[in-house]
Structure formats: C-alpha cells, structure tokens
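Subject: Structure handover

Hello,

Here is the structure I said I would pass on. My notes on its pockets follow below it.

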Amino acid sequence: MADGRQKAHACLMIIAWMIFVPIAIIIARYMRFLLKSRHLCGTSVWLAIHRTLMILVPVFSVTAFLIILANLDWNWVSPSRTLSFIHSIFGIIAIFLSLFQVLIAYLRPRYSPGLRKIYNIVHRFVGILSLALATIAIFLAVFIKDMRLGTVGWGTMIGYVIYLLVIPIPFELIYYFFQLVVLKEEISDGIKSCPIFFSIFM
C-alpha cells in the first residue's frame, strides 16, 4: 500500500482540486447573481467564499508537493518512471497556474473596463486550464502502481467526472430562470416609465 506521505499527498490534492476548485467555480458562476445583495465584511459573500477557496488551493497543493518531494528525498521523480514523471509535470504546471491565479486576482484592474475584460478572459482561461491539467494528473495517479488505488481510485475518478457533468445542470437552470425574471422586471419597469412609447411599438 501507499505510505503515509503518499496518502497525505493524494488527499490534499483531491481536496484542493476535486472539492475546492469545482465549488469555487460554481460559486463564481452562479452565486454572484443569487447572492448579489449579500455582503460579508464589506465584500460580496460569493466573492469572499470564492477567494478563500482559491487561496486554499495553492496552499494545499504546495503542501502536497513538498510532502511527496520529501518522500522522494527531495529529488524529482526520474524520467525513467514515465507515468509518474508525466504525472509530476502536469501537477507542477497546475500548481504554478493556481499560484498565478492568486497573483493576477490580487492585481486585477478595478477601474478600467477594457483591462477588466481582458483580465476576466485570462482569469477564466487559466482557471479552466489549471483544473484540466490537475484532473489529468489525478487520473494518471490512478495508474501509478505505487499508489495501489485500484477500484477505489477508479470509483473516485468516475464519480468526480459525473459530478462535474451533472452538478452544473440544476445551477444552469436556476441561473437562466433568474435571468428571465430579471429581464421581465426590466421590461416591466420600462413599460411603466415610458407607457406611450411601448403602447405604440408593442
């Protein structure tokens, strides 16, 4: 069986990338509308939760990286162990991108709409890329013989994929329903403010 440090490495990475990141993405995508008026210490609740989770991701990831590096006597995994080496490359890139996300989030432009639009695109792209790379790294870990995850590893990964595909569906439905409600309210307000204009063209 995998030793304690290998298990600790796996557990920390699973918590960071299979729990924290998907929840943070869901909150950023949907809760900014559902919790728009809610604030915590002067910050929107959705942003406070999203920010906290995404800061914890590199903290957990770097800790997991140091644990597994210590397990290898502070030597990088040998390229001769092809699967483990590829796993390490995907993993370290994902960790680097998670740190980069925190950095650009701290430096995000606040008062320039043009720069903010570019920031949003980069932020989303880097976020999706880092999650994809981390997911690949975790999938590869299932095949690493030293971990001996077997059916437990496969069950976890299959469940995770189903979770990623199924969970967004109800949130998307709620999101679009909420958007329709907002649109109807805006149209209703427009009719009340300009009744003559709408009576002519509607």
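Helix H1 supplies the largest share of the lining of the second largest pocket, with nine residues. Please keep in mind that this is a predicted model. The second largest pocket holds about 800 Å³ of space. Its lining is made up of 41 residues, and those nearest the centre are His9, Ala10, His87, Ala141 and Met147. Besides H1, the elements that give two or more residues to this lining are H2, H3, H4 and helix H5, which covers 150-166. By residue class, the lining of the second largest pocket consists of 27 nonpolar, ten polar and four charged residues.

Next comes the largest pocket.

The volume of the largest pocket is about 1,000 Å³. Two or more residues of its lining come from each of helix H1 (4-34), helix H2 (45-71), helix H3 (82-106) and helix H4 (113-143). Which of these elements gives the most to the lining of the largest pocket? That is H4, with eleven residues. In total, 34 residues line the largest pocket, and Ala28, Arg32, Trp46, His50 and His123 lie nearest its centre. The lining of the largest pocket divides into 18 nonpolar residues, nine polar ones and seven charged ones.

Regards

Key: Residues are numbered from 1 along each chain as its sequence is written. This is a predicted model: local features need pLDDT of at least 70, side-chain atom pairs count only at pLDDT 80 or more; totals for chains, interfaces and linings use all residues. Side-chain values use heavy atoms; hydrogens and water are left out. On a 1 Å grid over the protein atoms alone, a cavity is a set of points where a 1.4 Å probe fits but cannot get out, and a pocket is an open set with protein on both sides within 12 Å along at least five of seven lines; lining residues have an atom within 4 Å of a point. Grid points are joined across faces, edges and corners, and a volume is the space filled by probe spheres set on the points. Helices (H or I, at least four residues) and strands (E, at least two) are DSSP runs, numbered from the N terminus. Ala, Val, Leu, Ile, Met, Phe, Trp, Tyr, Cys and Pro count as nonpolar, Asp, Glu, Lys and Arg as charged, and the others, Gly among them, as polar.
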